[in-house]
Amino acid sequence: MTDKLIYTQKIFTGSRELLIDKVSQALSAKRFEHVLRVEEMALQLAEKWHVDAELASIAALTHDYAKERSDEDFLREIEKKQLDRDLINWGNNIWHGVVGAEMVKDELGIAHEDILNAIRQHTTGATVMTKLSQILYMADYIEAGRDFPGVEEVRTLAFDDLAASVGWQTAHTLTFLLTQKVTIYPGTLLTYNTWSVDK
Ligand SMILES: [Fe+2]
Ligand SMILES: [Fe+2]
């Protein structure tokens, strides 16, 4: 599916191969392989839900670009970009999306807001999500390497009812987090209230 994908929209200055090269340099081999599997899944979902393949590819390839950066890097970026001060109270899980999008913008030169928002929202979701954002959120969760109870069910659901699959993921993630007795990022609760609750 990715073999014949040629970037034509100048969202990224360079080819898909160049972007892959840059992303691979920022990540461990294991995480880079995850990123390629997310792209594969994102492209399948994009085809199904009529979302632009180039946008889906770029969002998927860059979504974890900042995942292996140091806490100091993120804290410096929060300061530099004057991002929400509350971010300081969180950690890599939240930062690599919300703050990582700024690094994708500055270091890879990708300024497309739909792509940056999809990166920002990929861990926690959001109350308002474009189809691209929903696709990245789901592709990250159901890529071929994922294995957890219900993964086949939610893979099928993502191709039947994308919004319902966003609700499924959020409810399951929240349920898991509650068993871990960890602090819940308020944004995750807002996502849950919007996408997981029967209306
Ligand atoms: Fe991530
Ligand atoms: Fe990921």
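Colleague: How do you know whether histidine 34 and histidine 63 are buried or exposed?

Modeller: This is a predicted model, in which local features need pLDDT of at least 70, side-chain atom pairs count only at pLDDT 80 or more, and totals for chains, interfaces and linings use all residues. Residues are numbered from 1 along each chain as its sequence is written, chains are lettered from A and ligands numbered from 1 in the order in which they are written, and side-chain values use heavy atoms, with hydrogens and water left out. Buried means under 20% relative accessible area, exposed over 50%, partly exposed in between (1.4 Å probe, protein chains only). Histidine 34 and histidine 63 are both buried. Aspartate 64 and histidine 122 are buried too.

Colleague: What makes a residue a donor of the iron ion (ligand 2)?

Modeller: Donors are N, O and S atoms within 2.8 Å of the metal (3.2 Å for Na, K and Ca). His34 (NE2), His63 (NE2), Asp64 (OD) and Asp140 (OD) coordinate this ion at 2.2 to 2.3 Å, so they count as donors. Water is not among the atoms, so sites may look incomplete.

Colleague: Why is the site of the iron ion (ligand 2) called irregular?

Modeller: Four donors count as tetrahedral if all angles lie between 85 and 135 degrees. Four count as square planar, and six as octahedral, if opposite donors are over 155 degrees apart and all others between 65 and 115; anything else is irregular. Here the angles among the four donor atoms run from 82 to 176°, and the site is irregular.

Colleague: What does the pair histidine 34 and histidine 63 tie together?

Modeller: Histidine 34 lies in helix H2 (residues 29–48), histidine 63 in the loop between helix H3 (53–62) and helix H4 (71–80), so the pair ties together parts 29 residues apart in sequence. Helices here are DSSP runs (H or I, at least four residues); strands are E runs of at least two, and numbering starts at the N terminus.

Colleague: Which residue bridges the two iron ions?

Modeller: Aspartate 64 bridges ligand 1 and ligand 2, which lie 3.5 Å apart. The iron ion (ligand 1) is coordinated by Asp64 (OD), His96 (NE2) and His122 (NE2), at 2.1 Å.

Colleague: How many helices and strands does the chain have?

Modeller: Eleven helices and zero strands.

Colleague: What makes the chain as compact as a globular protein of its length?

Modeller: The globule rule is 2.2 Å times the number of residues to the power 0.38, and the radius of gyration is taken over C-alpha atoms. The rule gives 16 Å for 199 residues and the chain has 16 Å, so it is as compact as a globular protein of that length.
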